[in-house]
Amino acid sequence: MKFEHLIEINDPLNPLIDTLTREQLWRGLVLCAEMPKLFVPHLDDCTIDERESGSFRRSRRFGELVVIDRVLLTPLQEVRYEVPEQGEIAASSLTVTIETPAEHTMFVRFKYDDGHDAETDKANAMYDEYKKSAYQEADIDTIRIVREMAGAGRLDASYLN
């Protein structure tokens, strides 16, 4: 399953959307990667056990299920999650990209790839529709939480330093 969608962050023609800076959005996306329990209520634990320049490895526990992944950071542009094959889990990835197609507009693109081939995708079509819907709702929740944090001043540089 390959799936992507956009969430609008800033639109100068929509006064109902609070404007975020690219820096606030970036800090929120990094916080989601480093402290996912703030964003995923059913996550039991997350441990970062290896840091390198521009990336880190983490272990997330959901009950008995443990998922190890690597997070790659391209500052102010992209957060990429790479899940290697492990046990019954196939290799997969999620790329979260900040896009600014025009002045004063900003979007976040969420791009999923579960690593399955076209034949497997065809066999799982109905199940994949549920996954797409769940991913999209989770992404909307992530942006909602980032907006709340920004509104409370928790994503300002002075708050984080």
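**Close-up views of rings, sheet, core and loops**

View 1. Y135 counts as partly exposed, at 28% relative accessibility (buried is under 20% relative accessible area, exposed over 50%, partly exposed in between, with a 1.4 Å probe and protein chains only). The model is predicted, so local features need pLDDT of at least 70, side-chain atom pairs count only at pLDDT 80 or more, and totals for chains, interfaces and linings use all residues. Residues are numbered from 1 along each chain as its sequence is written, and side-chain values use heavy atoms, leaving out hydrogens and water.

**View 2. Two aromatic pairs are found in the structure.** Rings of Phe, Tyr and Trp (its six-membered ring) pair if their centres lie within 6.5 Å; planes under 30 degrees apart count as stacked, over 60 as edge-to-face and the rest as tilted. F3 and Y112 form a stacked pair, because their ring centres are 6.0 Å apart and their planes stand at 25 degrees. This pair links distant parts of the chain: F3 is in strand 1 (residues 2-10) and Y112 in strand 7 (residues 106-113), 109 residues apart (helices, H or I of at least four residues, and strands, E of at least two, are DSSP runs numbered from the N terminus). F3 is buried at 13% relative accessibility, and Y112 is buried too, with a relative accessible area of 9%. Y112 and Y135 are also stacked, because their ring centres lie 4.2 Å apart with planes at 5 degrees. Y112 belongs to strand 7 and Y135 to helix 3 (residues 125-151), so this pair ties together parts 23 residues apart in sequence.

**View 3. Seven strands form an open sheet in the order 1-7-6-5-4-3-2, with antiparallel pairing.** Two strands pair if DSSP finds at least two bridges between them. Strand 1 and strand 2 (45-52) stand at the edges with a single partner strand each, so one side of each lacks a neighbour in the sheet. From one strand to the next, the twist averages 20 degrees (axes are lines fitted to C-alpha atoms, for helices over the stretch in contact; angles run from 0 to 180 degrees between N-to-C directions). Seven bridges join strand 6 (residues 92-99) to strand 7 in the antiparallel sense, and S93 stands opposite D113 in strand 7.

**View 4. Helix 1 (residues 22-34) packs on the sheet.** Helix 1 touches strand 1, strand 2, strand 3 (55-62), strand 4 (65-74), strand 5 (78-83), strand 6 and strand 7, and its direction makes about 15 degrees with that of strand 5 (contact means heavy atoms within 4.5 Å). Helix 3 lies across strand 1 and strand 7, at about 25 degrees to strand 1.

**View 5. The largest nonpolar core has 31 residues.** Such a core is a set of buried Ala, Val, Leu, Ile, Met, Phe, Trp, Tyr and Cys residues joined through side-chain atoms within 4.5 Å. I9, L25, V79, Y81, V96, F110 and I143 touch the most other members. Helix 1 gives the most to this core, with seven residues. Leaving aside residues up to four places away in sequence, Y81 touches several residues, including L29, R58, D69 and L94.

View 6. L76, in the loop between strand 4 and strand 5, has a positive phi of about 60 degrees although it is not a glycine. L76 is partly exposed, with a relative accessible area of 31%. H104 lies in the loop between strand 6 and strand 7, and its phi is positive, near 70 degrees. H104 is exposed, with a relative accessible area of 57%.
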